[in-house]
Amino acid sequence: MIHALARRAAALLALGLLLAGCASEGTRPDAKPDGKVAEKRAIERWEFLIKHEAEKAYDYLSPGFRATKSREDYAKEMNNRPIRWTRVLPYRSTCDKPDVCVLDLQIDFATKMPGVGTDVSSVGFVKETWLRTGGKWYLLPEAKSETGGK
């Protein structure tokens with residue numbers, strides 16, 4: 001009788017652990033991520049850039065990139081660009097790995113053109129790589145070489 005109770009308790013414990021594992025938010029190596037979360041963070045970041053609040057957009061950059069550039073330097077670089085971003089729209093997301101999404105975004109912008117005298121508006125597309133680390137999505141900025149090539 002004691003053995004039957006012990007087996008029943010072990011079975012209930014195993015079932016409880018199985019159910020807890022199913023309810024957890026951990027990712028399986030073969031699980032595809034939901035690109036909507038990365039896309040939402042990408043749009044939030046661009047909205048800060050549009051408002052010239054690059055110091056807030058800095059928090060969306062990968063921890064590794066932030067280790068190479070200060071918040072102040074990043075904000076100065078991004079807020080002083082000769083173009084003015086006006087709108088961001090999601091275009092496509094591709095999430096082939098559990099913790100990596102590549103996002104294509106449409107960025108509307110305006111810039112002053114010499115000889116025209118007014119802002120000229122245009123549309124561009126950017127491809128961004130977003131990584132999930134520590135359960136949160138971050139932009140991995142494209143590396144630039146010192147010689148200007150890739």
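The questions and answers below go through a predicted model, from its overall pattern to single residues.

Reader: What pattern does the protein follow along the sequence?
Author: Residues are numbered from 1 along each chain as its sequence is written. In this predicted model local features need pLDDT of at least 70, side-chain atom pairs count only at pLDDT 80 or more, totals for chains, interfaces and linings use all residues, and side-chain values use heavy atoms, with hydrogens and water left out. Helices (H or I, at least four residues) and strands (E, at least two) are DSSP runs, numbered from the N terminus. The secondary structure comes to 5 helices and 4 strands, and the pattern along the sequence is α-α-α-α-α-β-β-β-β.

Reader: In what order do the strands of the sheet stand?
Author: Two strands pair if DSSP finds at least two bridges between them. The sheet is open and has 4 strands with antiparallel pairing, in the order β1-β2-β3-β4.

Reader: Why is one side of β1 and of β4 left without a neighbour in the sheet?
Author: Strands of a sheet pair through backbone hydrogen bonds, either parallel or antiparallel. Here β1 (83–97) and β4 (136–140) each have a single partner strand, so one side of each has no neighbour, and their place is at the edges.

Reader: How many bridges join β2 to β3?
Author: Strand β2 covers residues 100–112 and β3 covers residues 119–133. In β3, V126 is the bridge partner of L105, and V120 is that of T111. The two strands run antiparallel, and the number of bridges joining them is 13.

Reader: Which residue takes a positive phi in the hairpin of β3 and β4?
Author: β3 and β4 run antiparallel and are joined by 5 bridges; W130 stands opposite L139 in β4. Their hairpin has 2 residues between the strands, and the residue with a positive phi, near 60 degrees, is G134.

Reader: What angle does the direction of helix α2 make with that of β1?
Author: Axes are lines fitted to C-alpha atoms, for helices over the stretch in contact, and angles run from 0 to 180 degrees between N-to-C directions. Contact means heavy atoms within 4.5 Å. Helix α2 (residues 35–50) packs on the sheet and touches β1, β2, β3 and β4; the angle with β1 is about 165 degrees.

Reader: Is E39 buried or exposed?
Author: Buried means under 20% relative accessible area, exposed over 50%, and partly exposed in between (1.4 Å probe, protein chains only). E39 lies in helix α2. Beyond its neighbours within four places in sequence, E39 is in contact with P90, S93 and L103. With a relative accessibility of 12%, E39 is buried.

Reader: Where is H52, the residue with phi near 60 degrees, found?
Author: Most residues other than glycine have a negative phi. H52 is a residue other than glycine, yet its phi is positive. H52 is partly exposed, at 36% relative accessible area, and its place is the loop between α2 and α3 (54–57).

Reader: How much accessible area do Y91, V123 and F125 have together?
Author: Patches are made of residues with over 30% relative accessible area and no salt bridge, like charges being joined within 9 Å and nonpolar side chains (Val, Leu, Ile, Met, Phe, Trp, Tyr) within 5 Å; a salt bridge is a side-chain nitrogen of Lys or Arg within 4 Å of a carboxyl oxygen of Asp or Glu. Areas come from the Shrake-Rupley method with a 1.4 Å probe, and for residues only the protein chains shown count as cover. Y91 is found in strand β1 and is exposed at 52%. The three residues form a nonpolar surface patch of about 340 Å².
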